[in-house]
Amino acid sequence: MKLNQIREYSKKSLKGRRAEAFMISLCIPAVIVFFRLIELCTASVILYIYDLSPMKLFYGSEIIWTIFDIICVFFKTILLSGIMAMVIKYFSELLDIKLKEQKSTLLFRKNFILGLTVKLLSLIFLLPSVLFGYLSAKLILSKNGESVFLMIHTLTLMIISVFIWIWVILGFTALPFLTARESGKEVLKLIPVSFRIIKGSRSGLLKIILFYMPTFLIPFLFLYTLPEFFSSLTLYINICIKEAEYIGRKNLYGRKSESHNASKISHRKKRHIKTASDKAEA
């Protein structure tokens, strides 16, 4: 399904419900912005009281700020775990995508565990790009002609690290949709499944994100395109899941499907099946 087709289908599904869909989809960015404002205000107070330079907060040398930042991440993950499940359920129903019935507490717990795990893994993959970026900035500010060669290498490594980080982040995008669909799967085992599903589909995912991202900077377009973005993303990820299940049914979830593995059928059962088919033909 092409991007234009996904957009057109999303527009049709939103017909007559765009205002309602906007309010639902606004919950996720609202929570993120809310905690960012809290962090910004707290950082300003800490810098004013202790007379610190802003860079000390980024270095993590200020213990009060570090603890507060961890608390914010924890509570933000709690809120997003519940809201994410609600948003996915709403847009899935809007697109006539059937989800398995799950207890809200179970779904919340799964999203919370995955949310913290994704935060930790994304931070680990982000650290190399931050480190190489810091070294590059330090070499540039040194204005030493002899360090130009080293600076080029650190900049190159920083760019490579950023691309790896983006590749990993995109690999996580199917996780909240998988938790909504797969009630019986172990939570952490869904992470490699998400990467298998997104494998080969990152370009399409990036096209959707890059197409709608500029519209979020314009207030009136933001009101119109935010629900369309969530609808298109939900549709695209579910298409990717369906394609991955159809193509890689035997090993998508890390174990072979019994219905597709004829080697597990005993010779006695095979003879019985053959006899039954011969009788049917007779």
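Colleague: Is Phe-74 buried, partly exposed or exposed?

Modeller: Phe-74 counts as partly exposed, because its relative accessibility is 37%. Buried means under 20% relative accessible area, exposed means over 50%, and partly exposed is in between, with a 1.4 Å probe and protein chains only. One caution: this is a predicted model, where local features need pLDDT of at least 70, side-chain atom pairs count only at pLDDT 80 or more, and totals for chains, interfaces and linings use all residues. Residues are numbered from 1 along each chain as its sequence is written, and side-chain values use heavy atoms, leaving out hydrogens and water.

Colleague: Thanks! Which helix is Phe-74 in?

Modeller: Phe-74 sits in helix H4. Helices here are DSSP runs (H or I, at least four residues), numbered from the N terminus.

Colleague: And what nonpolar patch is there on the surface?

Modeller: There is one with about 1,100 Å² of accessible area together, and its members include Val-45, Tyr-48, Ile-67, Phe-74, Phe-75 and Leu-116. The areas come from the Shrake-Rupley method with a 1.4 Å probe.

Colleague: Which helix gives the most to the nonpolar patch?

Modeller: H4 does, with 6 residues. H2 and H4 each supply at least two.

Colleague: OK, inside now. Which residues touch the most other members of the largest nonpolar core?

Modeller: Phe-91, Ile-197 and Ile-237, out of 50 residues in that core. A nonpolar core is a set of buried Ala, Val, Leu, Ile, Met, Phe, Trp, Tyr and Cys residues joined through side-chain atoms within 4.5 Å. H10 gives the most to this core, with 12 residues.

Colleague: What is Ile-237 in contact with?

Modeller: Leaving aside neighbours within four places in sequence, Ile-237 is in contact (heavy atoms within 4.5 Å) with Thr-173, Ala-174, Phe-177, Ile-198 and Leu-205.

Colleague: Switching to H6, how many residues has it got?

Modeller: H6 has 24 residues and reaches 35 Å from first C-alpha to last, close to the 34 Å expected at 1.5 Å a residue. That expected span is 1.5 Å times one less than the number of residues.

Colleague: Which residues of H6 are buried?

Modeller: Met-151, Thr-154, Ser-161, Val-168, Leu-170 and Gly-171 are. Their cover includes H5, H8 and H9.

Colleague: Why does Ser-161 count as buried?

Modeller: Because its relative accessibility is 9%. Ser-161 is in contact with Phe-125, Pro-128, Ser-129 and Phe-132, leaving aside neighbours within four places in sequence.

Terms used: Patches are made of residues with over 30% relative accessible area and no salt bridge: like charges are joined within 9 Å, nonpolar side chains (Val, Leu, Ile, Met, Phe, Trp, Tyr) within 5 Å. A salt bridge is a side-chain nitrogen of Lys or Arg within 4 Å of a carboxyl oxygen of Asp or Glu.
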